[in-house]
Number of protein chains: 2
Amino acid sequence: MPTRRDASRPVTTHDVARRAGVSQATVSLVLGGNPRARVSAQTRERVVRAARELGYRPNILARGLVQRKSYAIGVMVPDLSNPFFLDVVTGVQRVAAEAGYAVLPGDVREVPPQRHLDALRARQVDGLILDGLGALALQEGALDDLKVVLVDEPSERWPGIASDALGAGRLAAEHLVGLGHVRLAFAGPASDVYGLRMRERGFFQVLRDAGIALPSERLRRVPPTVRGGMAAMKSLLALPPAERPTACFCAVDLLAAGALKACLTAGVAVPGEMSIVGCDDVELARVLTPELTTVRVPARELGARAARLLLRQLEDGAAAPRPGKPIPVKLVVRGTTGPARE
Amino acid sequence: MPTRRDASRPVTTHDVARRAGVSQATVSLVLGGNPRARVSAQTRERVVRAARELGYRPNILARGLVQRKSYAIGVMVPDLSNPFFLDVVTGVQRVAAEAGYAVLPGDVREVPPQRHLDALRARQVDGLILDGLGALALQEGALDDLKVVLVDEPSERWPGIASDALGAGRLAAEHLVGLGHVRLAFAGPASDVYGLRMRERGFFQVLRDAGIALPSERLRRVPPTVRGGMAAMKSLLALPPAERPTACFCAVDLLAAGALKACLTAGVAVPGEMSIVGCDDVELARVLTPELTTVRVPARELGARAARLLLRQLEDGAAAPRPGKPIPVKLVVRGTTGPARE
DNA sequence: GCTCGCTGCCAATACGTATTAGCTAATACG
DNA sequence: CGTATTAGCTAATACGTATTGGCAGCGAGC
């Protein structure tokens, strides 16, 4: 039955020490989990019992002060309302929680990057995971004293992990080309985020090798949102029939969702008259009707690995920023793609 | 040009004091923002300049240790992948960030509530916001020493803010009844979350007043997910034609999305043969085709108000847990509802 | 000249924990 | 029996900040 010395104040190591009849230092040694600490079994037992009886809970902040660690990490993504990034953060969260670290997520749309960075600093975060921010944050020399791990963004300076974004673009293209499509379109954001650039490059690689041209009339630069996808598709559908694409690769699932919607709204049959391929495989892909053909990028896995990479750096000291192999992606054929019709 | 005394260690108040030729206490007085501190303008100036020159950044954790505050709050929701809850958290985040507080979000699916609570405690969070957890967390006497604010869950013990859930259910029902629907169905989770219960109650209130019966064959208890909505609608469509509903109210948008999908998959016209009303108005509602008729519940606003309520409690000491009026909701008629056909 | 009151600053302490140097007692060794 | 070694513990200090009591110095008032 837990009993408090004073109900209004949390139990401290001093309280435990008093009750166990030892010094505060001994309590710290026992509860600090340091196995090489020399403490007799009997004393250890007494301390552990006293701690349990008092309901002692260590104050991580106080520990952090002396250890110069906060056991917290920050994560910054461009848009948490994009389920892909939410999944990345979730993956980070899971691994971090397991290791006793807290996660401070930041959505660039909500809080300006610099401000969020300041807040993270003030909280003495031990490390930082950046995803999808491109050169935005990288330009700032302000990350100097921080351990950083990048997701889908190669760098000389910081380690990172990446998905096979090039392969993702290739898979999408091969799928569409294999279905006999020739008049293809591409929709993607104009940002300089590396992963997105690679998806694009992979897509065009395959087209080039297949001898298929994609004139700029069928290239759409739009924000990576549902609304952006709608706009892109709407304008593609406005092309003269002879130039109108029969298939479109959207570099982000949200875009594909918007594109699909534009088609259905306009009475264009999917996949009858228009095939659509997305990329990410967010949950939304299976909610749409027809279900979205897309390339699965394991977002949680990306987050989890990034977190592990960061934590290893934090615990073992310096870790080798060796690039590592990209995480494989996988084409998931569902209902928005079909053979090209004459 | 910022210069560090020692590149490897953060700048402290001691460093600033040394450079300004004053004591650490004076630095703290000046930078602590305490306006009633008696410091000469000249000294103040010197300190401020030294701080700027050294690039001083206060260590919130150290401050928290002495002030017994962490300037952090926790938020717990049942499922962050439900955009509604994500929006609530976003609302919290925005207000908290503004006030210099960090937010530690927790998804009950990812991290067991008790574990997350322990983690929040260990980090000395100043307060906690709970949404959609029903009696789950409330049963635990473990929240004793915490300032808590509840969302959509009335309580004698803690203050909270709520949306007009009863009204939401009523609006949905009135809309469907107004369209002439008589054979109605309801789909909702079996959880004892108060807000959901109220949506349900409001819906049935209107039906009763209109003299419309809803037999249990048309009542579906399913998990509040897209999958749950699909299952519910699939089984409703399997009813004999004479009993099959012509409209369905789904207490959560995700359910409605699933229900819509089940209809489209089964070739049932929406809203021709089946009208569907959701509740929440998450972003997804406008992505679907046809767009979802739903009741808008201002999730961000809920989160923002909850955060303000909590922060006021934290800053001004004890605040009155007066209930306050529920936040109004609004019917948004879109494409999934239409008049009942003979 | 003395007290009084005020201004402006600082020394000291506390917050809760980790860590190290060192002390005591017991044991091992010659 | 004397000394070196070790096990087991504690006192002291540090982490970076906030806060308080009090000390100089100074001008005003008598």
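This is a predicted model: local features need pLDDT of at least 70, side-chain atom pairs count only at pLDDT 80 or more; totals for chains, interfaces and linings use all residues.
**Entry 1: two helices of chain B.** I started with helix 2 of chain B and helix 3 of chain B, which are roughly perpendicular to each other (an angle of 65 to 115 degrees counts as that; helices are DSSP runs of H or I with at least four residues). Their contact is made by B:Thr26, B:Val27, B:Val30 and B:Leu31 of helix 2 of chain B and by B:Thr43, B:Arg44, B:Val47, B:Val48 and B:Ala51 of helix 3 of chain B (contact puts C-beta atoms, placed from the backbone, within 7 Å). I sorted this contact by class and got six nonpolar, two polar and one charged residues (Ala, Val, Leu, Ile, Met, Phe, Trp, Tyr, Cys and Pro are nonpolar, Asp, Glu, Lys and Arg charged, the others, Gly among them, polar).

Residues are numbered from 1 along each chain as written, with chains lettered from A and ligands numbered from 1 in the order written.

**Entry 2: the two copies.** I superposed chain B on chain A with a rotation of 180 degrees and 0.0 Å of shift along its axis, at RMSD 0.1 Å (least squares on C-alpha atoms of residues with pLDDT of at least 70 in both). That is the relation of a two-fold axis.

**Entry 3: DNA strand D.** Which residues come nearest to DNA strand D? Of the 30 around it, they are A:Ala25, A:Thr26, A:Thr43, B:Thr12 and B:Ala25 (near puts the C-beta atom, placed from the backbone, within 6 Å). By class, I found 14 nonpolar, 13 polar and three charged residues on this surface.

Definitions and conventions. Angles under 35 degrees count as roughly parallel, over 145 as roughly antiparallel, 65 to 115 as roughly perpendicular and the rest as oblique. Two residues are in contact if their C-beta atoms, placed from the backbone, lie within 7 Å.
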